[in-house]
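Colleague: I have just opened this one and am new to it. Could you walk me through it while I look?

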Amino acid sequence: QVQLVESGGGLVQAGGSLRLSCTASGSIFRINSLGWYRQAPGKQRELVADITSGGSTIYADSVKGRFTISRDNAKNTVLLQMNSLKPEDTGVYYCKANVRRRLLDPVYDYWGQGTQVTVSS
């Protein structure tokens, strides 16, 4: 099995910063992409940022220039640095890992339990 544990959420004022961390553990041969998603109340879960094993990144338009995703392959960890936070960034943030557990296994997506981010105006 694969487990993802997130940390770093909390309450912050608009304009502030937070850094989210997610570490994958368990039976892992290779982690392909790592990503952060968020879900605001009453809305669908949406992609925030994603990073491939080679370091290529994509961002939602709403966070470009404010958020930075990075990863440490040796530690199976992905970080999300969030600056200039806005009230509309409020939501539960989930980490997702696209994992191959053994050499000949197919790849699966695994999700963390989520961490709450609340930005006050």
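Colleague: Let me start with a detail: where is N76 found?

Modeller: N76 is found in the loop between β7 and β8, where strands are DSSP runs (E, at least two residues) and helices are DSSP runs too (H or I, at least four residues), numbered from the N terminus. Before going further, please keep in mind that this is a predicted model, in which local features need pLDDT of at least 70 and side-chain atom pairs count only at pLDDT 80 or more, while totals for chains, interfaces and linings use all residues. Residues are numbered from 1 along each chain as its sequence is written, and side-chain values use heavy atoms, with hydrogens and water left out.

Colleague: Okay, and what is the phi of N76?

Modeller: The phi of N76 is positive, at about 50°, although N76 is not a glycine. N76 counts as partly exposed because its relative accessible area is 25%; buried means under 20%, exposed means over 50%, and partly exposed lies in between, with a 1.4 Å probe and protein chains only.

Colleague: And what about S84, what is its phi and where does it sit?

Modeller: S84, a residue other than glycine, has a positive phi near 50°, and its place is in the loop between β8 and β9. With a relative accessibility of 40%, S84 counts as partly exposed.

Colleague: Stepping back, how many helices and strands are there in the protein?

Modeller: The protein has 0 helices and 11 strands, so a walk from the N terminus reads β-β-β-β-β-β-β-β-β-β-β.

Colleague: What radius of gyration does it have, and what would a compact globule have?

Modeller: The protein has a radius of gyration of 14 Å, which agrees with the value near 14 Å that a compact globule of 121 residues would have; the radius is taken over C-alpha atoms, and the globule rule is 2.2 Å times the number of residues to the power 0.38. Taken along the principal axes, the box that the C-alpha atoms fill is roughly 50 × 25 × 25 Å.

Colleague: What share of the residues is buried?

Modeller: Of the 121 residues, 40% count as buried. As for contacts (heavy atoms within 4.5 Å), among those with a separation of 6 or more, 56% are between residues 24 or more positions apart.

Colleague: Changing topic to charges, how many salt bridges does the structure hold?

Modeller: The structure holds 6 salt bridges, each being a side-chain nitrogen of Lys or Arg within 4 Å of a carboxyl oxygen of Asp or Glu. One of them joins K64 and D61, whose closest N and O atoms are 3.0 Å apart, and both K64 and D61 are exposed.

Colleague: Why can side chains pair like that?

Modeller: Side chains of opposite charge can pair when their charged atoms come close.

Colleague: Which side chain does D89 meet in a salt bridge?

Modeller: The side chain of D89 meets that of R66, at 2.8 Å from N to O. This pair links distant parts of the chain, 23 residues apart, with D89 in the loop between β8 (77–82) and β9 (91–100) and R66 in the loop between β6 and β7 (67–72). D89 is buried, with a relative accessible area of 1%, and R66 is buried as well, with 11%. Salt bridges that share partners join R66 and D89 with R38 and E46 into one network.

Colleague: So are R38 and E46 buried or exposed, or something in between?

Modeller: R38 is buried, with a relative accessible area of 7%, whereas E46 counts as partly exposed at 36% relative accessibility. Their side chains meet in a salt bridge as well, at 2.8 Å from N to O.

Colleague: Last topic: which strand is T57 in, and what does T57 touch?

Modeller: T57 is in strand β6, residues 57–59, and, not counting residues up to four places away in sequence, T57 touches D50, I51 and I69. T57 counts as partly exposed, at 35% relative accessibility.

Colleague: And which residues does N32 touch?

Modeller: With residues up to four places away in sequence again left out, N32 touches I51, T52, S53, R71, N98 and V107. N32 has its place in strand β4, residues 30–39, and its C-alpha atom is separated by 24 Å from that of S62, 30 residues apart along the chain.
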